[in-house]
Amino acid sequence: MIPPTMLSTIPETLLEFCIESDMSEPCSLPMPSGSVISISRRCPGKTEPNDDSSVVVRTAGGALVMAVADGVGGCPLGYKASAIAVHCIAEMVAASDPDADLRPAILDGIEKANTEILDLGIGAATTLSVVEIVQGRVRAYTVGDSMTMIVGQRGSLKWKSTSHSPVGYAVESGMLDEAAAMTHDDRHVVSNLVGSKTMHIEVGPSRQLAARDRVILASDGLFDNMQLSEVVATMKSGKPMGCMQQLVQIASQRMSGSDEQLPGKPDDLTMLLYAR
């Protein structure tokens, strides 16, 4: 069993897991070409374990892999499903050739996680968002509605993943705007999960990161409480730690329901923010 928060090393490989975590403040992980800011905390007032998990892997070859998984709360042992997902990603990436393309290892990790979760035989499932950054190029892998975004220094949304849900597809096609989506009755219906016989993996394009670009992966504890434009505006400038603290503060305030005019949904909150 992986401890709730674990920092470990395999020769020349760094791994940091957040499993069942309830962090009071974000932490910073220095990287050779930037830094990763991490936070994972339990839903306010919740007594069950945090269903979110995350992992950061720095390979011996200098590549960076980040993953966020959000165990489905309505299913049994969502927290275990998310832990399996990030552990399988870390295992396959750490075991791969340092100079090899990471795509096969990541895809194999997701497939391995899907098999292991199905083998539990209890209906557990999780979303999963994975990002690889190799020599300044970034590529995302998505199953479910945990989202990845790339934000430029002047507040441009350079790319985002598509949420695998009826509402997510409606927004992507232009049939539904973001404000309406955040209060839609089917907002939390997810149509693609790790732990499903019909799971499919969406692989994003490989993109070159520019100076001061930022990449964020987050569970829906962020995106159910903040609109994309708000997240972009918060991330576009300032030190990465300060940006993360602002995101946590705003999302937490929304979860409290203190402003009835703004969307708010209490949930576990996990984010990984990479800044060059």
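Welcome! Start by selecting helices α6 and α7: the angle between them is over 145 degrees, and they are therefore roughly antiparallel to each other. Keep in mind as you look around that this is a predicted model.

**Stop 1: the helix pair**

Stay with α6 and α7 and turn the view until you can see both axes. The two axes come within 9 Å and cross at roughly 150 degrees. The crossing is right-handed. Now show the side chains where the helices touch. On α6, pick E230, V231, T234 and M235; on α7, pick C243, Q246, L247, I250 and R254. These residues make the contact between the two helices.

**Stop 2: the whole protein**

Zoom out and colour by secondary structure. How many helices and strands does the protein have? There are seven helices and 14 strands. Of the 276 residues, 51% are buried.

**Stop 3: the six-stranded sheet**

Next, select β3, β4, β14, β13, β9 and β10, which is their order across an open sheet with antiparallel pairing. Which strands stand at the edges? They are β3 (27-31) and β10 (157-160), and each has a single partner strand, so one side of each is left without a neighbour in the sheet. On average, neighbouring strands here are turned by 15 degrees against each other, direction ignored.

**Stop 4: helices on the sheet**

Bring the two helices back into view with the sheet. Helix α6 (residues 228-235) packs on the sheet and touches β9 (147-151), β10, β13 (214-218) and β14 (269-275). The direction of α6 makes about 45 degrees with that of β9. Helix α7 (residues 240-255) packs on the sheet too, touching β3, β4, β13 and β14. Its direction makes about 160 degrees with that of β14.

**Stop 5: a hairpin at the edge**

Finally, zoom in on β3 and β4 (residues 34-41). A hairpin of two residues joins β3 to β4, and the strands pair in the antiparallel sense over five bridges. Strands of a sheet pair through backbone hydrogen bonds, so show the backbone atoms here. Select C27 and find its bridge partner in β4, S38. Then move to L29, whose bridge partner in β4 is V36.

Definitions and conventions
Residues are numbered from 1 along each chain as its sequence is written. This is a predicted model: local features need pLDDT of at least 70, side-chain atom pairs count only at pLDDT 80 or more; totals for chains, interfaces and linings use all residues. Side-chain values use heavy atoms; hydrogens and water are left out. Two strands pair if DSSP finds at least two bridges between them. Helices (H or I, at least four residues) and strands (E, at least two) are DSSP runs, numbered from the N terminus. Axes are lines fitted to C-alpha atoms, for helices over the stretch in contact, and angles run from 0 to 180 degrees between N-to-C directions. Contact means heavy atoms within 4.5 Å. Buried means under 20% relative accessible area, exposed over 50%, partly exposed in between (1.4 Å probe, protein chains only). Angles under 35 degrees count as roughly parallel, over 145 as roughly antiparallel, 65 to 115 as roughly perpendicular and the rest as oblique. A crossing is left-handed if the near helix is turned anticlockwise from the far one by less than a right angle, and right-handed if clockwise.
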